[in-house]
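Please keep the structure in view while reading.

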Amino acid sequence: MDILQDMWDIVMSVFTTDSISLIIMLLVVVAAGMILGEFGRIIQVTVGALAIYGLLRLGYTLSQGAEPGSLPSTAWGGLKMMTVGELVVYFIAFAIVITIVHVIRNTV
């Protein structure tokens, strides 16, 4: 049961961030789901969506007044601090939502 609690804690830490991050995340996965052509490309589209999400987060940080010179080292340090569990949760969550948007788009 400790493993399930650890997994739940990781999921909650990923999705209880600030509301701007959640909005950016939602916009990216909806757009990725809309452009997903065939379902066999879900892995490539998910990786691309994660990269775009990271870049948009950096852009948002810059728009809030962060110093551009220190941003690459700060972003790299943040990425190094991220656990594998967090990366897996992001990847699975993005893939699930992209798939849902893709299925809804194809049925409508």
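## Basis of the description

This is a predicted model, in which local features need pLDDT of at least 70 and side-chain atom pairs count only at pLDDT 80 or more, while totals for chains, interfaces and linings use all residues. Residues are numbered from 1 along each chain as its sequence is written, and side-chain values use heavy atoms, with hydrogens and water left out.

## Helices α3 and α5

The crossing of α3 and α5 is right-handed (the near helix is turned clockwise from the far one by less than a right angle); helices here are DSSP runs of H or I with at least four residues, numbered from the N terminus. Helix α3 covers residues 42-63 and helix α5 residues 84-107, and their axes come within 9 Å and cross at roughly 115 degrees, where axes are lines fitted to C-alpha atoms over the stretch in contact and angles run from 0 to 180 degrees between N-to-C directions. The two helices are therefore roughly perpendicular to each other (65 to 115 degrees).

Three aromatic pairs are present in the structure, a pair being rings of Phe, Tyr or Trp (its six-membered ring) with centres within 6.5 Å, called edge-to-face when the planes are over 60 degrees apart. The rings of Tyr-53 and Phe-94 have centres 5.8 Å apart and planes at 70 degrees, so this pair is edge-to-face. Since Tyr-53 lies in helix α3 and Phe-94 in helix α5, the pair ties together parts that are 41 residues apart in sequence.

Tyr-90 and Phe-94 also form an edge-to-face pair, with 6.4 Å centre to centre and 70 degrees between the planes; both lie in helix α5, four residues apart, about one turn of the helix.

## Helices α1 and α5

Helix α1 (residues 2-15) packs with α5 at an angle of about 70 degrees, with the axes 9 Å apart.

Definitions and conventions: Angles under 35 degrees count as roughly parallel, over 145 as roughly antiparallel, 65 to 115 as roughly perpendicular and the rest as oblique. Rings of Phe, Tyr and Trp (its six-membered ring) pair if their centres lie within 6.5 Å; planes under 30 degrees apart count as stacked, over 60 as edge-to-face and the rest as tilted.
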